[in-house]
Amino acid sequence: MASALVLRVAIALSTQGFFQPDEYFQALEPAHHYVFGYGHLTWEWVSPVPLRSIIYPALNMPPFWIIKTLGLDARYPELLITGPRIVHGLLAAITDIWICEITRQILNDAFVPTAYFVSLTSLFHSLSLSRSMSNSLETSLTTAALSYYPWNNAQSMQVQSTRTRMCIVFAALACAIRPTNAIIWVYMFGLLFLRLGHRLSRGSSLIRDCCVIGTGTILAVFALDSAFYGRPALSLLNFLRVNASPVSLFYGSSPWHYYLSQALPILCSTSLPFVLHGMLLAVKNDEKKPKTMLGCIFWTLTVFSFVGHKEWRFLHPLLPMLHIFASRSLVELYHRSAKTEVKAPREKRKNAIAKTFSLPIRTRDLCLLLLAVPASIYVVFFHCVGQIKVMSYLRSLPPENLTSVGFLTPCHSTPWQAYLHRPDLAAPGRMWALGCEPPLGLQHPSDYKDQTDIFFEAPLEYMRTHFPSHVDTSYPPSAFASSVPNVTFVETLQVVEQSSRSWDLGWRHEWPQYIVLFGALLREPGVLDLFQNQGYEEVWKGGFEWEGEGQRRGAVRIWKHI
């Protein structure tokens, strides 16, 4: 399985573009802050009730610590990007490797090469699996857990017990990384318990193992988080509580059919027809193990569909199971096609099989699957590259030529200090961005507007009222560029809700030496003239103008005060 290791690490190291803010602000940035003492911590980390566990960001701490100890971070700051990428590339390969074992147990050895191939060529895996996102590691751990799940009743009780304990360990780790992963295991272990119900000793053993391993995992996470935060922290419980509250809708809501109509087609991409056909075969032929897997998929889809805030990546742990259904279909179609070629000469039939690289996949099906490859090349090398390259440009500037920088972009549109690594900009107000803190503690959160909303409602008016009339060429730090979501912030929001309902909290900015923005902002009335009148000129542009949506269109630009 060396090919999986090489491919995933290569993709991790080659990825040039931006996908999700969580890749940086929920993984790399907290680790950078812990090791180097500076970096941006989002509201989940600094709110009175912390939501995030340090367990996942901690994976990035060893490479950061090694680079810092060797004194390489100042001379070669790019290593701070490379190190974690290698770690996450290696972790991503777990998915490709363990899907082979699941396929072997659910189907048989004949389907393994096809499932492995479908996984390696997956578009969504290329986009997301090698990134430093908790969903990606959740996917790998879920795949490993399913590979140990006791699918086979013919195994001895001792073998099944050992495999079940390993399954529970990996499932517990997946839930520690993302507590919502428990939805999968409520179904899988519930079904297993029903299957063992008539064997009281084995059923009680399953419950005991789940309780012992689950409790041990929760206590370990509690200890780590409490040590990190310096006070008792139930981050797993807080995460579930807030994600089930109206606060999650602040980040967007989608209709009930979102996962069926959008997420599944995007996750499966060119394998979607084969996934659906494989599911149909499982039901039509009454195949017990595939039907168990199918039940898990539909159970998880149903539960997630009741939650208002939805994202493609939330279904990523289901993708390996979907790939197994695709392999079931592809191999079936191949053998059907082979049977229809009995009238063809033997040599012709041999050539027909050989041209698919010995994989039991019809040539036409292989061509459809491989359409994902050019799309994968695009998302790895060209998609939203400006949002990453802008940090490389800023990092390349000498300290004397980078006094301050402000980001007039939608919040979290670029990485932060984990990609920049500039301690000279770590002082408050030297590098700032518009905030998007959620409506914490409000009775009517739907009425709330964050700083980003207020800015983009009237950018010119905002800059006239929140910036000085002229640029101070010493470029002092901004005193109150954005809010800090602490207890005072929550109390302030509650006062505003009961009184003026003016969500402008009086932010004050100084004109920075550099302004980072998207081209869409320059099309707003009066903004271009204001920048030019204040003495700013565009010095850098990255990405494609047609990419993105809304305020993230028009490519990334840097304007410098001349």
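These entries go from the record's spans to a loop residue and then to the rings.

Entry 1, ground rules. I am working from a predicted model, in which local features need pLDDT of at least 70, side-chain atom pairs count only at pLDDT 80 or more, and totals for chains, interfaces and linings use all residues. Residues are numbered from 1 along each chain as its sequence is written, and side-chain values use heavy atoms, with hydrogens and water left out.

I looked up the UniProt annotation "signal peptide" (unreviewed entry), which covers residues 1-17. UniProt positions are in the numbering used here, feature names are shortened, and annotations may be inferred rather than shown by experiment. I found residues 1-17 to be 76% helix and 0% strand, with the end C-alpha atoms 27 Å apart. Helices (H or I, at least four residues) and strands (E, at least two) are DSSP runs, numbered from the N terminus.

I checked residues 168-194, which are 85% helix and 0% strand, with end C-alpha atoms 17 Å apart. For residues 366-388 I noted 74% helix, 0% strand and 34 Å between the end C-alpha atoms.

Where does Arg-131 lie? I found Arg-131 in the loop between α7 (123-129) and α8 (134-148). Its relative accessibility is 4%, so Arg-131 counts as buried (buried is under 20% relative accessible area, exposed over 50%, partly exposed in between; 1.4 Å probe, protein chains only). The Arg-131 side chain makes a polar contact with the side chain of Glu-23 at 2.8 Å. A polar contact is a pair of N or O atoms within 3.5 Å; within protein, one must be able to donate a hydrogen and the other to accept it, and residues adjacent in sequence count only if both atoms are side-chain atoms. Leaving aside neighbours within four places in sequence, I listed contacts (heavy atoms within 4.5 Å) of Arg-131, including Thr-15, Gly-17, Tyr-56, His-88 and Val-379.

My search of the whole structure finds 29 aromatic pairs. Rings of Phe, Tyr and Trp (its six-membered ring) pair if their centres lie within 6.5 Å; planes under 30 degrees apart count as stacked, over 60 as edge-to-face and the rest as tilted. Phe-381 and Phe-382 form a tilted pair, 6.3 Å centre to centre with 50° between the planes. Phe-381 is partly exposed at 37%, and Phe-382 is partly exposed at 40%.

Phe-455 and Tyr-462 have ring centres 5.1 Å apart and planes at 80°, so I logged the pair as edge-to-face. Both Phe-455 and Tyr-462 are buried. I also noted one aromatic cluster formed by Trp-432, Phe-467, Trp-511, Phe-531, Tyr-536 and Trp-559.
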